[in-house]
Amino acid sequence: MPLALVAGVDVGNATTEVVLASVATGEPVAADRTMTRGVKGSPSSVRGAAALVRRLVRRTSGSLVLVAVAPLRPVRTSSATVPEPPPDTGRFAVVAAGVASPGGAGFGAGRPVWLADVPVHGPPVVALVPVGYREAVPRLRELLLAGAPIAAVLLAADEARLISNRLDAPVPVVDGVDLSAVATAPLVAVEVAPSGRPLRRLTDPLSLAGTLAAAASDSLALRRVARRLADVSSAVVAAFPAAAPSSSAPSSLIWTPSGALPPAEAARALADGSLDAVSRYSLDGGEPVDVDDLAVVDVGALASSLLVRAGAGESGFVLAGLLPSGGEVPASALLEEALGVPVVGVGSEASAAHAGALTTPGAPADSLVLDLGGGTVDVVGWSGERVLAGGGDLLTAAVALGLGVTRGVAEWAKRGPAVRVETPQLAVQEDGDKTFLASPQPAGTVGWLAAPGPAGLLPITVRIGPAEWRAFRLALKQAVLGTAVRRGMAGAGTGTVVVVGGPAGDDEVLRVVDAVLPDGIGLGRGDVAGGLGHRYAVAWGLALSALEAQRS
C-alpha cells in the first residue's frame with residue numbers, strides 16, 4: 001500500500017518550497033524547492049508549486065491525501081542603485097586621477113600651454129600635447145635641452161610611458177586628459193608617484209593652496225580634492241577663476257513623517273534608529289514611488305568609514321522598497337484544482353513560519369522567529385508580525401556597487417571569506433594564512449581576490465585585499481541585515497531568536513544578528529524538523545497543520 005502523505009506548500013516571492021510528511025509517522029519524508037513562477041499568488045505560481053509537489057510525490061512513490069497552504073500575500077519589492085553626486089570642489093577640478101599608465105615621476109605645476117607655444121624661458125608651464133609621441137618627443141627633447149620650464153606634460157592619447165621613456169628629464173607625464181578643458185585654467189598641478197605609492201603634494205590641502213594660489217575660503221574645497229585623491233598614484237588638478245555652474249539634475253528624495261530627506265540622511269537615520277517610517281521615495285526627480293517600508297544603505301559612506309581603498313568600487317546608495325500589497329490571495333482553490341486532492345487553507349504564512357522554526361531542537365516555545373528572505377526580513381513572535389524591506393537581494397546590490405562588479409559576481413562574493421590568489425597553486429586567506437589550492441588556478445586569476453563560486457574560485461577584483469574585503473563585507477551585512485533586524489525587534493523582550501530563511505545559511509549571519517541583539521536574548525540558526533536545515537520553516541509549519549487536520 002502506498003505511503004500516505006501530506007504536503008506543506010510555501011509559495012514565496014522568489015522561491016517555492018514543499019515538504020512532504022508521512023501521515024503514519026508525522027516525520028518529513030522529502031523536501032525540495034524551486035524558483036517561483038511569475039508573481040506570488042498568480043495562477044502560474046500555483047501551477048509551479050503543484051508541479052513541484054507532483055515531482056516529490058513521484059520520487060517517494062507515495063500517495064498524497066492532503067495539502068496545506070496559507071493565503072498568499074504577495075510582497076512586491078523594488079530595488080535601485082543611486083550614484084553618489086560628486087563632491088563640490090568649488091573652482092578646483094580633478095581632471096584625472098589614477099590613470100592606468102602614467103609616465104615619469106614627481107610633481108609639477110604651472111600655466112597650461114600648448115606644445116607649439118611652450119616658451120624657452122619664463123615661469124613653469126604644463127605642456128599640453130595634442131599630437132602623437134613620434135611628433136611630440138623630438139619637440140619636447142629640444143625644449144628641455146634648451147632649458148624650457150616644462151614642469152609636467154599632459155596628453156590626450158594613451159602614450160604617457162612612450163613619451164616619458166624617451167625624455168632625459170624626470171617630468172611627470174599623465175595621459176587620458178581632456179586638453180581643451182585644461183587649457184582654460186590659469187594653473188594646473190600634476191603629480192605622479194611610484195606605482196602603488198600614494199600622492200604627497202596633491203593630497204596635502206595646505207600644499208595645494210600654496211601651489212594653486214588659493215584663498216582661505218577655498219580650504220573646504222581643497223580638502224575635498226585631497227580626499228578624492230587618496231589611494232591613487234597619479235592625478236591632475238586644475239584651478240579655474242570661478243566655480244563651474246552646479247548641476248541642475250534633480251535630486252533623489254525619501255519622504256518621512258518629518259519631511260523629505262536625501263538618501264544619505266535617510267540611511268543614517270534608519271541605521272541609528274531615529275527613523276522607522278517611510279512613505280515614498282523618488283529617484284533623480286522621477287515620479288514618487290509609494291512604499292510600506294524602505295531600506296537604504298549608503299555604500300560610499302561605509303567604504304569611507306572603513307578607509308577602503310579609493311576606487312575599489314563605486315560610491316552611492318542602494319534602496320529596497322516594500323510596495324503596497326493588494327491583499328491576500330486564497331490559493332487553496334487553485335492548488336486543489338491543479339493537484340486533484342483536498343487542500344486546506346491554514347492560518348497565515350507568519351504563523352506557519354513560527355510553528356516550523358520552533359521544531360528546531362532546543363528552541364523554546366516562546367522563541368521569536370527571524371525569517372530572512374530575498375526581498376524582505378520577517379520578524380514573527382512576541383508581539384505579532386512585522387515585514388521589513390531588505391534582505392539578500394539588497395545585500396547583493398550593495399556588494400555589487402561597493403566592489404564595482406556585476407550582481408552575478410556579487411551573489412557569490414557576499415557569502416563569506418575570500419582569498420587572494422598568489423600563484424596558480426597558492427592563496428592567502430583573510431587572516432593572512434597561506435593555503436595550497438586543491439587544483440591549479442588559471443594564470444589570469446593570479447593577484448585577484450577570489451571567492452568560492454559555481455565552478456571553483458571566482459575572480460572578484462584586484463583592487464582590494466582579503467582582509468580589507470572582510471571588514472567591508474561585514475559592514476555591508478550589518479548595514480543591510482543588522483539594521484532590518486534591529487528595526488524589527490524594537491521593543492522586544494527577552495527570549496530566544498531563531499534565524500531561518502535562505503540568507504540564514506550565510507556563515508556570518510549569526511554574528512551580524514548578534515551584534516544588534518540586546519543582552520538577555522538567546523540566538524541560534526534554525527534546523528527545521530531537526531534535519532531540514534535553515535530553510536522550509538513555512539512549508540514544515542504548514543505540513544504540521546495538514547497532519548493535524550488529517551488526524552482530526
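User: Is Trp-469 buried or exposed?

Analyst: Buried. This is a predicted model, and in it Trp-469 has 0% relative accessibility.

User: How many aromatic pairs turn up in the whole structure?

Analyst: One. The rings of Trp-469 and Phe-472 have centres 6.2 Å apart. Their planes are at 85°, so the pair is edge-to-face.

User: Where do Trp-469 and Phe-472 lie?

Analyst: Both are in helix H13, residues 466-488. They are three residues apart, about one turn of the helix. An α-helix has 3.6 residues a turn, so residues three or four places apart point the same way.

User: And Phe-472, buried or exposed?

Analyst: Phe-472 counts as buried, with 1% relative accessibility.

User: Switching topic. Which charged end sits over the ring of Trp-255?

Analyst: That of Arg-280, 4.5 Å from the ring centre. There is also Arg-201, which lies over the face of Phe-107. There the distance to the ring centre is 4.0 Å.

User: Now H11. What does it reach from its first C-alpha to its last?

Analyst: 17 Å, close to the 16 Å expected. Helix H11 covers residues 392-403, twelve residues.

User: How many of the residues of H11 are buried?

Analyst: Eleven of the twelve, so H11 is largely enclosed by the rest of the structure. Among the buried ones are Leu-394, Leu-395, Val-399 and Leu-401. Gly-392 and Gly-402 are also buried.

User: What follows H11?

Analyst: Gly-404. Its phi is positive, near 70°.

Conventions: Residues are numbered from 1 along each chain as its sequence is written. This is a predicted model: local features need pLDDT of at least 70, side-chain atom pairs count only at pLDDT 80 or more; totals for chains, interfaces and linings use all residues. Side-chain values use heavy atoms; hydrogens and water are left out. Rings of Phe, Tyr and Trp (its six-membered ring) pair if their centres lie within 6.5 Å; planes under 30 degrees apart count as stacked, over 60 as edge-to-face and the rest as tilted. Helices (H or I, at least four residues) and strands (E, at least two) are DSSP runs, numbered from the N terminus. Buried means under 20% relative accessible area, exposed over 50%, partly exposed in between (1.4 Å probe, protein chains only). A charge sits over a ring if NZ of Lys or CZ of Arg is within 6 Å of the ring centre and within 35 degrees of the ring normal. The expected span of a helix is 1.5 Å times one less than its number of residues.
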